[in-house]
Amino acid sequence: MSDDRLITALDLPNVLDGLELAKTLGDSVNFYKIGLGMLTGGGLALANELKQEFGKRIFLDMKFFDIPATVEAAVRGVAQFNLDFLTVHGDPHVVRAAREGAGGSDMKILAVTILTSLDRDDLDASLIKDGKIADLVMERAAKALNAGADGVIASPQEAAMIRALPEAHGKLIVTPGVRPAGAAHGDQKRVATPAQAIKDGADHIVVGRPIWQSDDPKAAAKAILAELRG
Ligand code: C5P
């Protein structure tokens with residue numbers, strides 16, 4: 001049995017490999033994330049195929065950021081495909097424009113607060129105001145949710161703090177940076193296990209390499225699902 005709390009990141013080099021993996025995973029995975037890396041290689045077509053022909057749910061991770069008119073137009077374009085989640089940067093003007101573009105569609109707009117690859121030096125270089133990153137993440141999450149985001153993307157370390165925000169009541173928290181016990185961390189520095197991320201308030205976890213780089217992706221996915229069910 002699949003469980004929509006697990007979102008598998010299809011970060012494969014091309015859509016054929018992505019489709020092959022989805023076929024291998026079969027019924028064990030019901031929700032896929034497709035990101036910018038696959039966009040020029042047919043990522044949107046793969047998203048549609050998985051949605052329309054295989055009945056999968058799709059998280060399109062585009063992290064849009066632009067002037068409001070452009071964000072609105074881009075989101076309106078995506079909304080016609082009936083996908084499930086779409087990311088934009090959590091700046092209030094971007095979120096408001098995305099909301100307009102999403103119109104009456106069921107597609108959820110998820111806000112990125114501060115990319116987990118950035119440290120304080122990077123924020124200084126980008127002229128982002130002083131303060132601890134965790135505090136800025138909370139502030140940006142609250143602003144994005146107030147601006148109409150359906151949820152936020154958060155590292156597992158941030159999930160519990162965001163869940164405690166009044167603004168997060170009834171909103172989605174989606175958490176990458178998840179590693180089953182014993183799995184390689186790769187470049188993820190701040191990780192949590194699937195069970196811990198859910199316990200801390202995540203509604204969905206995003207897992208990529210521990211599944212698609214596994215010798216037995218289906219068994220890897222099933223092990224994560226078993227852990228989620230406790
Ligand atoms: O392979 P892994 O499980 O690390 O993949 C996690 C996925 O989540 C990747 O697609 C990555 O781009 C994405 N992601 C992330 N950290 C963020 C935002 C997105 O790892 N802060």
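The answer below starts with the ligand and then turns to single residues.

A: The model is a predicted one. Its largest pocket is the space taken by the ligand.

Which residues surround the ligand? The shell consists of Ala9, Asp11, Lys33, Thr116, Pro176, Arg179, Gln188, Val206, Val207, Gly208, Arg209 and Pro210. Sorted by class, five of these residues are nonpolar, three are polar and four are charged. Two elements, β8 (204-207) and α9 (209-212), each contribute at least two residues to the shell.

On the side-chain part, a polar atom of Asp11 lies 2.6 Å from an oxygen atom of the ligand. On the backbone part, a polar atom of Gly208 is 2.7 Å from an oxygen atom of the ligand. A polar backbone atom of Arg209 is likewise 2.7 Å from an oxygen atom of the ligand. The ligand taken alone exposes 460 Å², and the protein buries 81% of that area.

Most residues other than glycine have a negative phi. Lys63 is not a glycine, yet its phi is positive, at about 45°. Lys63 belongs to strand β3, which covers residues 57-64. Is Lys63 buried, exposed or partly exposed? Its relative accessible area is 30%, so Lys63 counts as partly exposed; the partly exposed range lies between the 20% limit for buried and the 50% limit for exposed.

Asn82 also has a positive phi, near 60°, and is a residue other than glycine. Asn82 is placed in the loop between α3 (68-79) and β4 (85-89). Because its relative accessible area is 51%, Asn82 is classed as exposed, the cut-off for that class being over 50%.

The loop that holds Asn82, between α3 and β4, also holds Asp84. Asp84 has a relative accessible area of 13% and is therefore buried, as buried means under 20%. The side chain of Asp84 has a polar atom 2.8 Å from the backbone nitrogen of Ile58.

Another aspartate to look at is Asp3, in the segment before β1 (6-9). Its relative accessible area is 13%, so Asp3 is buried. The side chain of Asp3 makes a polar contact with the side chain of Arg5, at 2.9 Å.

Two further residues can be described by their place and by a distance to another part of the chain. Ala160 sits in helix α7, residues 156-163. With a relative accessible area of 38%, Ala160 is partly exposed. Between Ala160 and Ile198 there are 9.4 Å in space, C-alpha to C-alpha, and the two are 38 residues apart in sequence.

Gly131 is found in the loop between α5 (120-125) and α6 (133-146). Gly131 counts as partly exposed because its relative accessibility is 35%. Gly131 and Arg96 are 35 residues apart in sequence, and their C-alpha atoms are 25 Å apart in space.

Technical notes:
Residues numbered from 1 in each chain as written. Predicted model: local features only at pLDDT ≥ 70, side-chain atom pairs only at ≥ 80, totals over all residues. Heavy atoms only, no water. Near = heavy atom within 4 Å. Polar contact = N/O pair within 3.5 Å; in protein donor to acceptor, adjacent residues only side chain to side chain. Areas by Shrake-Rupley, 256 points an atom, 1.4 Å probe, with all protein chains shown as cover. 1 Å grid on protein atoms, 1.4 Å probe; cavity = no way out; pocket = protein on both sides within 12 Å on 5 of 7 lines; lining within 4 Å. Sits in = over half its atoms within 2 Å of the grid points. Helix = DSSP H or I, 4+ residues; strand = E, 2+ residues; numbered from the N terminus. Nonpolar A, V, L, I, M, F, W, Y, C, P; charged D, E, K, R; others polar. Buried < 20%, exposed > 50% of the residue type's maximum accessible area, 1.4 Å probe, protein only.
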